[in-house]
Structures are given as structure tokens and as C-alpha cells.
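This report goes through selected local features of the structure shown below. Each section takes up one kind of feature.

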Protein chains: 2
Amino acid sequence: GQVASNPGNGHIDPARLFLSIPSTGHLRKHLEYYASGTHVAGINRTQAEHTRDYFAEHGIDAKIVEYYPWLNYPVGQRVALFNESTQRVLFEAGLKEDVVPGDPSSEDPNNLPAFHGYSADGNVTGKLVYANYGTVDDFKALKAAGVNIKDKIVLIRYGNVLRGLKVYGAELHGARGVLIYSDPADDGYARGKVYPAGPWRPDSSLERGSVSLIQIYPGDPLTPGHPATKDAPRLDPRDAKNLNTIPSLPLSYRDAEPLLRALVGFGKNASDISEDWVGGLASKGVQYWTGPSALSVNLMNRVEFKTTPIQNVIGRIKGWEDSERTVIIGNHRDAWCAGASDPSSGSAVLLELVRAFGELAKLGWRPRRTVVLASWDAEEYGLVGSTEWVEENVDWIRADVISYINVDAAVMGPDFYASASPIFKDLLYEVTKQVPYPGSANQTVYDAWLSHPASELVGGEPSPGNGSAHKYTSGIINGRAPLVRSLGSGSDFTAFMAHAGVSSLHLGFGTMLGTYHSNYDSLKWMTTFVDPDFELHRAMARICGLLVIHLADDPVLGLNPVSYAKSVGDYIHEAERQMARQTPARNDSTRAATSKSNAFRKLHRLRAAQRQLMSNARLVEQSKHRLRVVYGEDCQMAGRRRRMNCRKLRKSINDRASKLERHFIDPEGLPGREWYKHTLVGPGRWLGYDAQVFPALLEAAEDHKWNQLRQREKRAAELIYDAAWFLREV
Amino acid sequence: GQVASNPGNGHIDPARLFLSIPSTGHLRKHLEYYASGTHVAGINRTQAEHTRDYFAEHGIDAKIVEYYPWLNYPVGQRVALFNESTQRVLFEAGLKEDVVPGDPSSEDPNNLPAFHGYSADGNVTGKLVYANYGTVDDFKALKAAGVNIKDKIVLIRYGNVLRGLKVYGAELHGARGVLIYSDPADDGYARGKVYPAGPWRPDSSLERGSVSLIQIYPGDPLTPGHPATKDAPRLDPRDAKNLNTIPSLPLSYRDAEPLLRALVGFGKNASDISEDWVGGLASKGVQYWTGPSALSVNLMNRVEFKTTPIQNVIGRIKGWEDSERTVIIGNHRDAWCAGASDPSSGSAVLLELVRAFGELAKLGWRPRRTVVLASWDAEEYGLVGSTEWVEENVDWIRADVISYINVDAAVMGPDFYASASPIFKDLLYEVTKQVPYPGSANQTVYDAWLSHPASELVGGEPSPGNGSAHKYTSGIINGRAPLVRSLGSGSDFTAFMAHAGVSSLHLGFGTMLGTYHSNYDSLKWMTTFVDPDFELHRAMARICGLLVIHLADDPVLGLNPVSYAKSVGDYIHEAERQMARQTPARNDSTRAATSKSNAFRKLHRLRAAQRQLMSNARLVEQSKHRLRVVYGEDCQMAGRRRRMNCRKLRKSINDRASKLERHFIDPEGLPGREWYKHTLVGPGRWLGYDAQVFPALLEAAEDHKWNQLRQREKRAAELIYDAAWFLREV
Ligand SMILES: [Ca+2]
Ligand SMILES: [Ca+2]
Ligand SMILES: [Zn+2]
Ligand SMILES: [Zn+2]
Ligand SMILES: [Zn+2]
Ligand SMILES: [Zn+2]
């Protein structure tokens, strides 16, 4: 086009300029640094210092913020199959991952053994039971099949729900210990060639991970709701509600196979319960049986708990106009192993943003609003670094933080995904349309996202498992636009969204889950199978940078309350759908029961509130339109009165859009897990990572507590009316 | 530094960003295009179209603007030495440049023969006289030596004054024709190795060029003061005052040598006049004698004159704030030969600016003020394209054009030079301090300019000759800062500065003059001896772009009236120094003469006016300071009244600084050459290119017309008082 007809006030668009800055060469160097060794939370201060120094070198005010959570570390572990009567040991699990020639990460002497973060110390013995994925339904099915897991060691495969809930479910039913193994059906040879021949999980590979109950509360187990500062008052560890008390360990499928074979012929053939119970070792002739086994299993998990410092790195670019309003982008830095994808690909993206913002600053750019860049520690244990920081700063955050962007494993495969508050939908689409999809001549990330979305995530961190985990996200599928999922938990957005009420989003390229939390999530794996030329890293840096620049620098924020109101309608629809499954059984069809059933089948109060929200949200969008047409977004027109009116209107619009989320925060929190305060969405109490809509309502329905359900509907409706009222104030 | 402490309003500094855009690869491509063949004015429309299309492709509104000047082209030419009595031809000049293997430009079949633009058609014969450089003093010396050049063919070497003046001087004294040759002392083997072994002029090389009298008026000879549009009224060519009427041709020193040898023993040995008369062929045993020769010379110069269209390309980037205020950067496109340095290096720079501004525009940038980019045609004939355009647009230009930047031969050697209105001094220093000097680790162009200034220029275009041409520039030498010369003429700034009163500057890298206006000013020469890696080109693109961006986009213009006032003081000092040399001779020491002498030795009126100018200029600088301290340049402070006051003050300051030059324009013009209207500075009437201070005054002194001198001093003083008054209006 002709420059002469170029609209605008002549200033250089920092977003367009920014796109040219991220470089694959720099991203490679950042990743090489972060993935060069194991960096478990609490024992890797040097990476925090490097990160802080890199921030500072690029002109960003940066500091290390320490907290002192309760963490545990592995001391010794054993899994053995033996004959209790003869005391003969028939099988001793290796509990180690093979060295892969040519992959130095696989032979790092600092590599962690088989370990579950926050797993209980214990040395237990019992008969073995197989419990499929260890979901609520799986435990029910076992019970229905007459298999009692009391005093047993329960063998569960990874996937579908958060690992902490598998242990918790087993513990609830009286089990003594839990072994969680990676079934080849979920992320091993059934998916494709295994590492190092392909990207999928090889037979010795262990998925480490935390077994804390983040759906109760994340962060330090001893200081729920308060920051784990050095001198903070702390719970007795026995009173920490987000810790399991029975020991658990991860297993490879090489180690799981002898255990599964020991079950054959005992209890029920799993395929009689459901074909879903049969895993991928079937192709090697292994039958899946429930047990209990005749043989016994010894599970020893020796861990050391201690209060130990962790380091967040917090960088800050002060805004020039509304400097109190703040946009935060964060990414965890700690990893179980080398963590090339989880989280080092994200750490590389964060550092590249730091470099890019430094370059823009050299050219004179500063955002209108303040930008905070955070490198969190101890996410792997249970979102500890981010949670403690939010708990310490919650008043300021609720007052002034307008958005939180979470990057975790930025690159773990070719397919884009995003989970977000519905307020971000338009912006996400706009931004992904600006970024070319790597290796494609004229496709954008948006196009690729639409045609080939990432299929396998559980909430935040990706996790093996089949699609059932996504059953609750349909509410925000848009037929003609890519799927933006709801936020559950599983990564560092949790405290921002669910505790502080900050509109959050979480994004990345995913789906190659075969080395997740193993020694093989290495630079070698990344550069061989996932992103050899770092183009996916660059695309993520571009997307994240554009999001930050738009949120921090657009005169009128691209946050759309109408999208939010529409999603609330979808949530209500989804809640009604789920409630319908909880309808009192036909044989309970008394008059009273029928009336109750009618009462809760439809959420009329919520629907009315949602209609009010929608119409007031439209007022905000109309005000935006008016501002653009009458004044122009920049409020630079002639005339004092018009400029003042414009700025006043603009500030009001931005506040409506960016603080709407806060109005869905219920100070009382969710029943039984008060740390979670978002009424519309939260991690399912039996899901862990995945999002549940209207959790308090649906838990009442699940529990068939109809009066409670009506009270909770009323309370939620009131919050939605309040939110609608807030939007009306433009 | 910390981003947090970065001042400013957060916008990206287009100047800093711009610095990263010019690329040596693009500059090389641009130069390869322009230097790929001969492109003489009026016969190369395709390059104009290419230029316009390149502008348009980069988003710049561009058009071709045609004029119809009177131009001439070579038809046939001969120079021969013969014995008039025997009619035997002893020597026939080659008048052609040798083919240099490996340099395709040297064998281009379209190459122009020996030719002087605007030379008169004629076939003349006469005895030969040698007149050294053909200056006023040289002709005087010949006369004093008893050598009469009436009816002679005069052999003159290049250098020191404009070639048109050499012909004019000879014509005044009754000569029949002029041969101008390149003496090896000036730009041949006496300077260093000759092409292709080195950069200096080889023995067959011809310096083409125009012999029009641009110090009378530049541009189309038939339309002085009016645009040469298709239907413009035109002078009879015989009435065109800027054309010589006797024929002339350039000669190589290979062709000049037999002519010089034919003079040996005739007239006076030149070394008896002055050693300055002895050229470089002396080292080959050639004695320089004045003649007249016994042998005769035939000089045939057959040319065809015609009215023919030429093409300026005018691009425009509309400003967003003060869109009527305009900054122009221009460069001529036509060349005598391939013209790799003159002017194609400048054309390459212009195109690279177009590309860079296109890139900035893509990022949203538009300047506050309008930028015009001009590619002039027919500069080589006598600044024709630029002069006609200024003549057509003079009302608008006087009203709104705040600066003109001229680029001609951007790169003709390693040393930086600048000629400019004194108003630009601070800005030139600031900008050259921002640009690294090529091949140097930590030197800027400013540093290199200070330590190693270009020594050989005559006003605009570089020209061979010794240092005497610079005797009038001492007034603006600053002991601790690089030399900024005064503007005379010789390139396309002339109409802007001297006719329209637009503050102008002219700049480049120079001093390797050995192929100037010859076939050897080729890509091969450029990439072998001058700028193999195009780093000098890039430095020029950076300097020019920074100048444009600052002038078009700085809220407060970096033009300093105090620098101007100081220079006016220097001009007065210089004028007094020159006048002292014109003091009536001692033997004329009557009472009246002495009193006259006292009367004009000191320019008291001018000095008083200059003091007023200086003190009012200081008011402008104080206002700038006040604006910065009280408001900030951006006028973005809170409070309606303060913003309004700030903008009003800023506009006033910018007008004072950018329109001061206009006040030195005298509508009546210089005596005898009214097209020239600048009172303070103009091309010397006997210099052509070089600048003369207070030309009207000093011509009166030269002519010993004391009353006229006093009137002219009074008139100049009045203009300076007016200018001072204008500054006071801030
Ligand atoms: Ca805490
Ligand atoms: Ca004219
Ligand atoms: Zn992670
Ligand atoms: Zn992880
Ligand atoms: Zn030129
Ligand atoms: Zn030239």
C-alpha cells in the first residue's frame, strides 16, 4: 500500500517490529544452556542467577525472590516381586533408564532415580492389584468386580487424571502403596517408534512427577494461602491436606511387565470390565488381569523432606502510561531431568523475549503498562514458586494485574494448543494469524491450529492419556475457530486464574509426549524429532511476544467480554449436560424426587444472569466501537474536552475488559478446597489438571445434594449479576 | 541501562531502528543496476521508470515529472595538429578511452565520445596557447607575459575552477576554441597508480562534463527562472546567457602531450610565470610553454541541440502532523558514462533509503513532516532537472520546504565531506557521531571526518585541482570540529539554497577523483579501489537516513540559528580579508582614496546586524531549552493549557530555525545574475562551483566600485536585521 495513505500517528508498531527479532540461533543457545543438566527445584541456584543476569544484561530490572517450601528428595527406592511364603524374590525392578549412546542427557550422573515429588516416605508390602488409569470410575469398576484394594499395592497406568489423584484414590480405598507405570499404549511403542529410533517412550523410561494434590491447593503444602517466607507460620506436615500418605513410585513398562504377568489368572480379566482396561503390552502377549496377585510386592520409597529455598526470577519493565497496570508472562525453570521440552523450551522462549524486549528498549520502546517476566521455580513439585509469589502479592495482583500468560513446555511437538480465559479468544486468534507456521509457505499458526490441533493435554502440562480427559472442554469449541480450552490446573497459571482471578492463558506446541518427565526429554530428542531448526521455538517466541506487546501496549485492550459472556452460556449448557447424568434414578421416582429433578435439570437463575452479562458485555464492545469511530484509539484528536472524554472512556473500557475475571472470584472459595476461588471454572476435584465448569454446583449434583446445588446456583448467579453490573459502568 | 529508567514515552525511536536497515547487499544490487550502462540525460527513460517503480513497490507515492530543456549531444569531433603551410597533419587526437580488459563499462558501445555538455557547435582552427588552469589570474598572467590568445585554440588543464569558466575566460579574450585536458599532476600518475593498476586517471582517460555557466544561472538555458514545461516560453538560444559560444572538447593527457610538445620553445616557458604552471608531464620530459605555437590546431565539435524531455522521479511520504512542512532529499540519476560513483553511488543510497522507509512504514512509521525523495535528471548538463523543478514549485518550496539534502557521488573515496548551510552544523555532527566509520572498530564517521577530511572538492561535485579552491571556506572551520564547507554550486542543492532560500546540505565520501566523468568510473573501479564491501555506501545511507528522519520527525528541529549567526560573523571576517586585498594601491593615496579605503576596510554595518542576529538566535536556543525543561519536547504533559502552550512554542521555534535561511534571500538577486538570490553566499562569479561570501559586496570591491559596495553592505545589513527580527518572534 501507499505510505501516504497509511493511517495512524506515525509511530512504529512495536508488534510488527518485534516479529523480526526472535532468532532461532539465540533460541538454540538458550535451550542448550537450560537443557545442559538436571535442575531440580531447590538444588539449582546457578540457573536462577544466570537467568537474572541475562535479564539485567538486556536492561530489565531483575531480582531473585526466594521462598522456603517443604520439598522432598529421593534417598532410596525398591520395587520387588516375591513369594511371601518362600521369601524368594522373583523380580527386582530396575528403576533406571537406559543410557542412549549419543545422548549425553541419558548418562548424566546427576539424573534423578524413579521418584514422585511429594510422595510419602514408606516401605510397604502387599498383594498387587491393577486399577487401569486409577480414575474414580476405575476404582468403582474394581469394586463392582469384587476386587478389594485394601492393603494392596496398586499398579496404575499413567494418563487421564493427575498422578496425585491416582494415589489419593488408592489411599481412600485403603491401599498401602501405588506404582504408576507408563503403558506403551499411551505413549510408547503403540504410538510409534521409540527413542532413540523415534520420539516415543522406550521400555526403560520412567515418568517422574509430583503426586501432590494440587486440586486441593497447589504450592507449599505447609503454607496454604500464605507465602512460604523464611519465618512464615507453617502447618504440621501431618496436617497438610494436599499430601498423600502412602508411598508411590513411577515404573517403566519394562519393569511393569513382570508385575502384570504376575496378575494373570487372578481376579478378573480386565477385558471383562472393559476393553479400555487393556493396555499396550497385550501385543506382547501380556494379559491384563485385576488381581489381587498371589505373589507380593515390596515398594520402598525412602525420601527426605526438608524446608529448602527455591528461587523465582522476577523481571520488570515499567510502563510509561498506566504503569500500575501489569501484564505477567511466566514459565517454570525447574525440571525433573534435562527437561529440554518441559520446561526448557519455554525458558528459552522467555529468554528470547527478554532479549527482544531489550532490543526494543534500545530503540526507545517501553510498553504503556508494566510487564513482569517471571521464571518460576519448583513448578514440578506442585506449582510452588508461582503459588507462593501470588500468595505473597495477592492484594497488588488483584488490584493491578490484568493478564497472566503461562508458558511451560513451549515446544513438545508440532501442534499448537491454548487454554485460556474466554476473554482472550479474539486476541489469541489475531496473534496466531500474525505468525507463520514453521515449514509452511503460507500457513499461519492459526491455520495449523485449526486444521491440526494438539489432541493430548491434561489441563496444563501435557500428559499421556486418551481423549476422555477433554470431555468438559466442548463448551468453548467454536465450529469455525480453533479450540481454546478452559483452564484447569497443572501449570503456573493456577494461582493467577483460580486464586487471584487474573485472566490467564496457557499455550504451546505439543503432542509428542513420549519422553515427558524422563531422561530422554533431552536436547538430542528435541533436535532430532521435534524442532531441529528451532522454528517452533521461534513461532512460540513470536506468539508470546505479540501477546505481551498487545496486552501491555495496545491503547484499547483486545479483551472481549462478549466472548466471555458467550462462554458462560456454554459453561451453563455443559453443567446442565453433566447434571442430567446425575438425575435421580427412575426407581426413585417419587413426586418429591421428580420435582427436585426438574428443579436442577435447568439452571434458570444462571441462564438469566448470563443473559444480563451478555447484554452488558455488548455495551462494552459498543463503547469500544464508539471510541474508535468517534475519537480514534489514540485519543490524540484536537480539542481538550474530546481528548479528556476519550481517555476516560478508554480507561473505563480497559478496566471492564481486564477486570471482569475478578468478579467471578468467590471469596469463600470452593467447598472443601477454599484456596480455589473461581466460581466458573477450576480443576475437577477428581481430574486434577482438567477444567471443570461450575465446580461447586456440579460437586453438589454428583453428591446428590439438591438443596446445596440450589444455594450454589444462587450464589454463582449473584456473582454473574455483579459482573454484569460492573460491565455496565462503562 | 535499565529499561525501567529509560525516559521517553515508550515509542520506538525510528532513527535508532533505521540504523539497522540499510544493507550492503541491497546497496550492491542498486549500484549494479544503475552502473550497468551509460545513462545520459534525455536518453534513458527506463532508469526513471525503474526508479519510480522501486519507490512504488516500497509503498512510496511516486511519479515521473518531465521537463523539456534544450540539450545537446555529440555528433562528431576532431582535434588535430597540423602545419598550416604544408597542410600536413602531424597528430590526430584519439579522443577515445582505452578498453580495460575485465571492465565491461570500458567497452560499452554506447559510451559517449569526448564531449562537453552545452559546448557550442563549431569547427575552428588556430595557433595553440597553453593557459594553465584557465583562471582569471592565469589569463592575467598570460597577458602580462605578452601572450595574446585572440583567435587561438587554448589548451587548459582541468582543475581549480569550473570548466565552463575556463571556456568563458578564453572566449572573453577572443579565443576560437578550448581544449581542456586532464593533467597527470592533478589526477593521474603523479597521484598514484593509474587504472586498472590503481584508482588514478590513465593516459587515455577523458573527463567529460558540462561547460554551461551555472554561476550565471543553472538549468535549462532557454528558461531562466521559469520551468521548462512543454509549452513554456523560451529564449532564442543566442540570448541564453549561460552558454559559451566557442567550441570546446576534453582531452586525455595522452592526446594533450603532442600539443604541449608543439608549444615547446614558443612564447614563454611556463615555469618563468610560476612553477604552478608546470604540470605532471614534466616528469616525462615535456616542457610547458605558453605558445602561441607555430603549428595549428583544428578543433571540430559537431553537436546537435534539441529540446528533449528529461525525467525527474519524485516520491512523497506524507507527514502525519505538520504535513505541509517538507524535507527533501535528492540525487541526480543521469551520468556521462556508467557513473558508478557519480552519481550511481548516490542513486543506490537513495534507493536504499526508499527501501528502509518502506520497511519503517510497514512497521507503522510515518514522519511528522512530509518527506520528498527526488531522483533528478540532467544534473550533468547544468543541474537541469532540479532547477526546473524548483522553478516550477518555488512558491510552495519557499513556503514549506524546511531542508534540502543533496547526495550526488555518495562514494568516491574514503573521506567524508559536507557542505551546508551553517544551520545544519550541530545536526551533522550529531548524526555522523551515530554512524560507525567502515573498517574501524570504534571510530565514527565524525571521528574520521575530523582526523581525515576530504581535501579535494570544488563546491558540489568533486573536481581535480589543488587546494587553492578552498581559500574561501576557512570562515566555517571550527578548530575542534570537522570542516563544514559553504555551499557554492555544482550540484542539485543550488536552486534550493541559492534561488529558493532553502537551508541545504550536500555530503559524501570523496577524494579518489581519478576516474571522474570517465568510462572508468565503473563498478569494477568502485569494487576494486573504493568500496569493495559497500560499507561506505552503507555509512552514507545511514547518515542520509538519519538526517531525513531527524529533520522530518524530531519534535523540535535540531537546526541551530546560533551556528548560523556565528557563521555570518565568520563570513564578514572573510569578506573584510578579501576586501583588504582590493585596497586602492599606495600610489593612489589621495585623501579621497584613503577615506574610501577606510570606509570599506571594515563592514561596521554588517557587524552590527550580525550582533543583533546572534543575540536573537540565542533567544531561540533559550526557548528550545525552556521547552525541553518546562514541557518536554513531546508536549504530552498533563493540562490542556500547558499542552497548548508547548505546541505553540514548539511550532514557533521550528519555524524560526527552519525558515531563517529564507530571510537571506534578496528578491532582486545578485548583480548581473539575478537568478541567484542568496545574499550571504553563492558560487563565485569566477569560481563556478566554489562558494563566495557576500558575493555582491565583494564583486563591487573587486571592481573597485566603492559607492556600490556601501549600498550593497547597507542592503545586506537590512536583510540580516530582518532575519534577526524574525528570530525574535518566538
Ligand atoms: Ca503457600
Ligand atoms: Ca528554467
Ligand atoms: Zn512443566
Ligand atoms: Zn513438568
Ligand atoms: Zn554528479
Ligand atoms: Zn558529474
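## Two loop residues of chain A

Leaving aside residues up to four places away in sequence, Pro414(A) touches Tyr437(A), Phe509(A), Gly510(A), Thr511(A), Met512(A) and Leu536(A). The model is a predicted one. Pro414(A) sits in the loop between strand E14 (401–411) and strand E15 (415–420) of chain A. Its contact Thr511(A) is 97 residues apart from Pro414(A) along the chain, and the two C-alpha atoms are separated by 7.1 Å. Pro414(A) counts as partly exposed because its relative accessibility is 31%.

Ser503(A) belongs to the loop between helix H15 (493–499) and strand E16 (504–510) of chain A. With a relative accessible area of 1%, Ser503(A) is buried. Residues up to four places away in sequence again left out, Ser503(A) touches Ile402(A), Ser403(A), Tyr404(A), Ser421(A), Ile423(A), Phe424(A), Met497(A) and Glu661(A). Between the C-alpha atoms of Ser503(A) and Asn406(A), 97 residues apart along the chain, the separation is 11 Å.

## The calcium site in chain B

The calcium ion (ligand 2) has protein donors lying 2.2 to 2.6 Å from it. The angles among the six donor atoms run from 53 to 158°, and the site is irregular. Ideal angles for six octahedral donors at a metal are 90 or 180 degrees.

Along the sequence, the donor residues of the calcium ion (ligand 2) follow the spacing T-x2-H-x161-E-x2-E. Distant parts of the chain are linked by the pair Thr223(B) and Glu391(B), 168 residues apart. Thr223(B) is in the loop between strand E8 (209–210) and strand E9 (248–251) of chain B, while Glu391(B) is in helix H11 (residues 384–392) of chain B. Thr223(B) and Glu391(B) are both buried.

## Salt bridges

Side chains of opposite charge can pair when their charged atoms come close. Over all chains the count is 84 salt bridges. In chain A, Glu324(A), Arg325(A), Asp400(A), Lys651(A) and Asp655(A) are linked in a network of such bridges. Another salt bridge joins the side chains of Arg261(A) and Glu257(A), at 2.8 Å from N to O. These two residues are four residues apart in helix H7 (residues 253–263) of chain A, so about one helical turn separates Arg261(A) from Glu257(A). Arg261(A) is partly exposed at 41% relative accessibility, whereas Glu257(A) is buried at a relative accessible area of 14%.

In chain B, Arg577(B) forms a salt bridge with Glu574(B), and their closest N and O atoms are 3.1 Å apart. Both residues lie in helix H18 (residues 561–580) of chain B, three residues apart, which is about one turn of the helix. Arg577(B) is partly exposed, with 38% relative accessibility, and Glu574(B) is buried, with a relative accessible area of 2%. Arg628(B) also pairs with Glu633(B) in a salt bridge, the closest N and O atoms being 2.6 Å apart. Here Arg628(B) is partly exposed at 41% relative accessibility, and Glu633(B) is partly exposed at a relative accessible area of 25%.

## Backbone features

The peptide bond from Gly291(A) to Pro292(A) is cis, its omega being near 5°. Pro292(A) is placed in the loop between helix H8 (270–273) and strand E10 (296–307) of chain A. In chain B, Tyr195(B) and Pro196(B) are joined by a cis peptide bond with omega about 5°. Pro196(B) falls in the loop between helix H6 (184–187) and E8 of chain B.

His517(A), a residue other than glycine, has a positive phi near 60°. The loop between E16 and helix H16 (523–530) of chain A holds His517(A), which is buried at a relative accessible area of 4%. Leu383(B), also not a glycine, has a positive phi near 60°. Leu383(B) is in the loop between helix H10 (379–382) and H11 of chain B and is buried at 2% relative accessibility.

## A nonpolar surface patch

Val136(B), Leu172(B) and Trp686(B) make a nonpolar surface patch of about 240 Å². Val136(B) is part of helix H4 (residues 136–144) of chain B, and its relative accessibility of 30% places Val136(B) among the partly exposed residues.

Methods. Residues are numbered from 1 along each chain as its sequence is written. Chains are lettered from A and ligands numbered from 1 in the order in which they are written. This is a predicted model: local features need pLDDT of at least 70, side-chain atom pairs count only at pLDDT 80 or more; totals for chains, interfaces and linings use all residues. Side-chain values use heavy atoms; hydrogens and water are left out. Patches are made of residues with over 30% relative accessible area and no salt bridge: like charges are joined within 9 Å, nonpolar side chains (Val, Leu, Ile, Met, Phe, Trp, Tyr) within 5 Å. Accessible areas come from the Shrake-Rupley method with a 1.4 Å probe; for residues, only the protein chains shown count as cover. A salt bridge is a side-chain nitrogen of Lys or Arg within 4 Å of a carboxyl oxygen of Asp or Glu. Buried means under 20% relative accessible area, exposed over 50%, partly exposed in between (1.4 Å probe, protein chains only). Donors are N, O and S atoms within 2.8 Å of the metal (3.2 Å for Na, K and Ca); water is not among the atoms, so sites may look incomplete. Four donors count as tetrahedral if all angles lie between 85 and 135 degrees; four count as square planar and six as octahedral if opposite donors are over 155 degrees apart and all others between 65 and 115; anything else is irregular. Contact means heavy atoms within 4.5 Å.
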